Structures are given as structure tokens and as C-alpha cells.
Amino acid sequence: MLAVLFAGLLLAQDPDVDALLKLLEDDSIEVRDKAASKLIELGDAAEPKINARLASADGEFKARLNGVLRDIGKARKLNSIFPKTRRVSLDVKDAPLR
């Protein structure tokens, strides 16, 4: 349980790629999944370190790294086709409708 709390605090802050890679080897599936999601969000910034760790990885950890790299590639392809959209909000409190 302490690992989940620690991982939650770590993921809430500015993520360190090395720390996230370490969390991919955690015993908790929730911690591993959150770390993988954060690495995918980081995308290109995380890719060189993921590739470096992939060279010496094996088993389930290697499969997770390959999955993260695959998802980063998918996100890159989607972003090249569909540019990121911005949220727009309107403040119309107490404004008359016309």
C-alpha cells in the first residue's frame, strides 16, 4: 500500500522518466499502469531512455516497454493527422441571451 501512495505522489509531480521506468517494475499493477500512461504522455521525451532500458530488459518488463513504445508511436501518428485541439470556454454568467 505504501508503494501505491508513493507512486501516486510521484506521478502527481513533474515525472522523472527514470523513476517512471522503475515503477514499471513495481509489484502493483495499478502502479505499473499509471507509470506506463505517464510515459506515453511524455512521448518523445521518454523514448530515448525507454529504448536504452529495452536493450537490457527481459520478460514482462520488456513487453511493457515495447507496449509503451508502440503507444507513443500511435499517439505520434494520431497527432500528425489530427492536431491537438484547445479547450474553449465562455464566461456568460448574467449575460442576456440573444
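Trainee: What pattern does the protein chain follow, read along the sequence?

Mentor: This is a predicted model, in which local features need pLDDT of at least 70, side-chain atom pairs count only at pLDDT 80 or more, and totals for chains, interfaces and linings use all residues. Residues are numbered from 1 along each chain as its sequence is written, and side-chain values use heavy atoms, without hydrogens and water. Helices (DSSP runs of H or I, at least four residues) and strands (E, at least two) are numbered from the N terminus. The chain has 5 helices and 0 strands, and its pattern is α-α-α-α-α.

Trainee: Which helix gives the most to the lining of the largest pocket?

Mentor: With 4 residues, the greatest contribution comes from α5.

Trainee: Is Leu78 buried or exposed, or does it lie in between?

Mentor: Leu78 is located in helix α5. Buried means under 20% relative accessible area and exposed over 50%, with partly exposed in between (1.4 Å probe, protein chains only). Because its relative accessibility is 48%, Leu78 counts as partly exposed.

Trainee: What share of the 98 residues in the protein chain do buried residues make up?

Mentor: By that same cut-off of under 20% relative accessible area, the buried share of the 98 residues is 30%.
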